[in-house]
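Hi,

Here is the structure I promised to pass on. Have a look at it first, and then read on for what turned up.

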Amino acid sequence: MSHLHSQPSEIVLIRHGKPLSAHNEKVDAAQYAKWIRDYNKSVLDPQSQPKDKAHLDNSYIITSPLRRTKLSAQHYGVTHVNEVCPELKEMDIPYYRLPIRLRTWHWVLLSRALWFAGIRGRFESFRAAKGRVATLASRLEDLSLEHKRLVLFGHGMTNYFTRKALMANGWQLKQKDSDFWGVTVLTR
């Protein structure tokens, strides 16, 4: 079902707030694996607050199924989520058994680099994650025909690749912030 809009459609990607477990200690591979599990189940750091808030008026609200996005939406004042979208979940944080000790965020960077290079493990491959995000971008384009404004509470990597996919399909970037609570806005 397609009809013309008098004003442009808007997609707002909001990254979740900082998880309480997002510490940056020096850890070995087993401790890093535990850090990932804790990060995925974490509540929000009460000190982490949105810098600016995007308005939610007349918006179709979507969250990922992960706890940190649902809590972020609640913190933002969302009282009704229209859709919990599995494709919006974060791209898996890869884990490799390496005989080293690094700070957790250095583990994330190293693991992501290996992941981008195609090194597989017991997690979603980069190729599969990009395919999932392409499906998400297509779904958002379909939803934008029915709803003028979509607001998604998502994740850093997923938001980044969703933004790239939408821009490749003609969406215009109006605002970009990929930090915790960051708001990215695209219009068409």
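In which sense do strand 1 and strand 6 pair, and over how many bridges? Bear in mind that this is a predicted model. The pairing of strand 1 (residues 10-15) with strand 6 is parallel and runs over six bridges. One of the residue pairs to look up is R15, whose bridge partner in strand 6 is G154.

Strand 6 has another partner too: strand 3 (residues 60-63) pairs with strand 6 in the parallel sense, over four bridges. Here Y60 stands opposite L150 of strand 6.

How covered is strand 6 itself? Strand 6 spans residues 149-154, and six of its six residues are buried. R149, V151 and F153 point one way from the strand, while L150, L152 and G154 point the other way, and all of them are buried. That puts G154, the bridge partner of R15, and L150, which Y60 faces, among the buried residues.

Now to the helices. Helix 1 (residues 29-41) and helix 3 (residues 104-116) have axes that come within 10 Å and cross at roughly 90 degrees. The two helices are therefore roughly perpendicular to each other. On the helix 1 side, the contact is made by A29, Y32, W35 and Y39; helix 3 contributes T104, W105, W107, V108 and S111. Sorted by class, this contact has seven nonpolar residues, two polar ones and no charged ones.

Best wishes

Definitions and conventions: Residues numbered from 1 in each chain as written. Predicted model: local features only at pLDDT ≥ 70, side-chain atom pairs only at ≥ 80, totals over all residues. Heavy atoms only, no water. Axes fitted to C-alpha atoms, helices over the stretch in contact; angles between N-to-C directions. Parallel < 35°, antiparallel > 145°, perpendicular 65-115°, else oblique. Contact = heavy atoms within 4.5 Å. Nonpolar A, V, L, I, M, F, W, Y, C, P; charged D, E, K, R; others polar. Buried < 20%, exposed > 50% of the residue type's maximum accessible area, 1.4 Å probe, protein only. Pairing = 2+ DSSP bridges.
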